[in-house]
Amino acid sequence: GTTGMEKTKDLILTSAMKKFARYGFKKTSLDDIVRDVKISKGTIYIYFKNKEDLFRQSAEIVVNSMLSSLKANISPENNTKENIVSFTCGQIQFIRNYIAEEGSTIEIFKEVKENVHLLSTFRKRMAGLIQEILETGIERNFIKITSPHKTAVIIIQILEQFELRWTEMSRKDSDKEIHKLFELIFHGIEE
């Protein structure tokens, strides 16, 4: 079973996730979390180096949850474009749901994204998932590219430019735009 220490750490992380989602990184203080969990401030430092470390670890939980839900959207039956489209639509829907469920806002999401240097592994893991989709596409002769890694990184960079815009749109509109973008990426503009 879980030890008392693990329980305390989980309570701190749960509180931190809620506070960061609701108030953002800058406006959340360790004191807010200490009060919420009813522990002494020193106790937090047993588990976390500082606020950044706590943010990183709580964000990691959200990222893991998002990545596992995105993996569930990927099917070996689908072609490469369908998988990347459903991955992207799924990511935007996850962000939308998370913002709604946690009483967060687009502004806070933007602020968390600005602190994304704390989440450097996040981008790598997203690119890794896209790279897997591309490699499967190469194996199944759906696509011909020489560097699935570089292509995945480029796709992630493109998606990051549209992420906020899509999150603010209706699901119907963002899904349509995502489909159009990948039509263009996969089929180009040449005749």
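**Buried, exposed and in between**

Biologist: Why is Thr43 called buried?

Modeller: Its relative accessible area is 16%. Buried means under 20%, exposed means over 50%, and partly exposed lies in between (1.4 Å probe, protein chains only). The value 16% is under 20%, so Thr43 is buried.

Biologist: What sort of model is this, and how are things counted?

Modeller: This is a predicted model, where local features need pLDDT of at least 70, side-chain atom pairs count only at pLDDT 80 or more, and totals for chains, interfaces and linings use all residues. Residues are numbered from 1 along each chain as its sequence is written, and side-chain values use heavy atoms, with hydrogens and water left out.

Biologist: Where is Thr43?

Modeller: Thr43 sits in helix 3, residues 41–47. Helices are DSSP runs of H or I with at least four residues, strands are runs of E with at least two, and both are numbered from the N terminus.

Biologist: What makes the pair Thr43 and Ser40 a polar contact?

Modeller: Their side chains are joined at 2.9 Å. A polar contact is a pair of N or O atoms within 3.5 Å; within protein, one must be able to donate a hydrogen and the other to accept it, and residues adjacent in sequence count only if both atoms are side-chain atoms. The 2.9 Å pair is within that limit, so it qualifies.

**The whole chain**

Biologist: How many helices and strands does the protein chain have?

Modeller: The protein chain has nine helices and zero strands. Along the sequence, its pattern reads α-α-α-α-α-α-α-α-α. Its C-alpha atoms fill a box of roughly 65 × 35 × 25 Å, taken along the principal axes.

Biologist: What share of the protein chain is buried?

Modeller: Buried residues make up 42% of its 191 residues. In helix 2 (residues 30–37), the buried ones are Leu30, Asp32, Ile33, Val34 and Val37. They pack against helix 1 (4–27), helix 3 and helix 4 (51–72). Contact means heavy atoms within 4.5 Å.

Biologist: What stands out about the phi of Lys38?

Modeller: Its phi is positive, about 60°, although Lys38 is not a glycine. Most residues other than glycine have a negative phi. Lys38 lies in the loop between helix 2 and helix 3.

Biologist: How do you know that Lys38 is exposed?

Modeller: Its relative accessibility is 72%, so Lys38 counts as exposed.

Biologist: Where is Asn141, and why is it called exposed?

Modeller: Asn141 is in the loop between helix 7 and helix 8. Its relative accessibility is 64%, so Asn141 counts as exposed. Its phi is positive too, near 60°, and Asn141 is not a glycine.

**Helices that pack**

Biologist: Why are helix 8 and helix 9 called roughly antiparallel?

Modeller: The axes of helix 8 (residues 148–168) and helix 9 (residues 171–187) come within 11 Å and cross at roughly 160°. Axes are lines fitted to C-alpha atoms, for helices over the stretch in contact, and angles run from 0 to 180 degrees between N-to-C directions. Under 35 degrees counts as roughly parallel, over 145 as roughly antiparallel, 65 to 115 as roughly perpendicular, and the rest as oblique. Helix 8 and helix 9 are therefore roughly antiparallel.

Biologist: Which residues of helix 8 and helix 9 make the contact?

Modeller: Helix 8 gives Ile155, Ile158, Leu159, Phe162, Arg165 and Trp166. Helix 9 gives Ser174, Glu177, Ile178, Leu181, Phe182 and Ile185. By class, that is nine nonpolar, one polar and two charged residues. Ala, Val, Leu, Ile, Met, Phe, Trp, Tyr, Cys and Pro count as nonpolar, Asp, Glu, Lys and Arg as charged, and the others, Gly among them, as polar.

Biologist: Which residues meet between helix 5 and helix 8?

Modeller: Ile84, Thr88, Gln91, Ile92, Ile95, Arg96 and Ile99 of helix 5 meet Ile155, Leu159, Glu163, Trp166 and Thr167 of helix 8. These residues divide into seven nonpolar, three polar and two charged.
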